[in-house]
Amino acid sequence: MEAHQFTFSVPATPAAASTARHRAVDAIELWDEGLGTEVVRTAELVISELVTNAVQYAGTRSVSLTVRLDVDVLRIEVCDSSPVLPQPGLPDADSEGGRGLFLVAALSDRYHAEPMENGKRCWAEIDLIARPNQEIAHPLPLQRS
């Protein structure tokens, strides 16, 4: 598998997550490395959550996204200019938000946030070796007796 990298910035607007998600998935699919639907859809959700968090909580003008494919890892990095590291917490049952980092942690094999000279970087890694190329099965309809 060939190494690839894609980096771009999006304005920190409500459309940032959607823009980042679409551009990154298009780039990943152009790499044509046979990553499989599960990996691509997992990356799509992780990108969406990390970019959304950066836009909501960082208060910056733009957010940078890097997606890098190495031999056996797909790494997603989101950088912003806020030095405040994310603090996952347990949202109330009625809260509409606050679950993004839990999703990132559950979907990725590794996740971390680290300070940088001009802000912070939040990253997640998806291991490719243990993930077969298979669709998620749909449940069978219930049989009524």
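Where is serine 82 found? Select serine 82: this residue sits in the loop between strand E3 (73-80) and helix H3 (100-107). Helices (H or I, at least four residues) and strands (E, at least two) are DSSP runs, numbered from the N terminus.

Before going on, note that this is a predicted model, in which local features need pLDDT of at least 70, side-chain atom pairs count only at pLDDT 80 or more, and totals for chains, interfaces and linings use all residues. Residues are numbered from 1 along each chain as its sequence is written, and side-chain values use heavy atoms, with hydrogens and water left out.

Stay on serine 82, which is buried at a relative accessible area of 8%. Buried means under 20% relative accessible area, exposed over 50%, and partly exposed in between (1.4 Å probe, protein chains only).

Next, show Ala58, Thr60, Gly119 and Lys120: serine 82 is in contact with these residues, its neighbours within four places in sequence being left aside. Contact means heavy atoms within 4.5 Å.

Then select valine 84, whose backbone nitrogen lies 3.2 Å from a polar atom of the serine 82 side chain.

Now move to cysteine 79, which counts as buried at 17% relative accessibility. The closest cysteine sulfur to that of cysteine 79 is in cysteine 122, 8.1 Å away and too far for a bond. A disulfide is a pair of cysteine sulfur atoms within 2.5 Å, and a search of the whole structure finds zero of them.

Finish at cysteine 122, which is buried, with a relative accessible area of 8%.

Note on methods
Polar contact = N/O pair within 3.5 Å; in protein donor to acceptor, adjacent residues only side chain to side chain.
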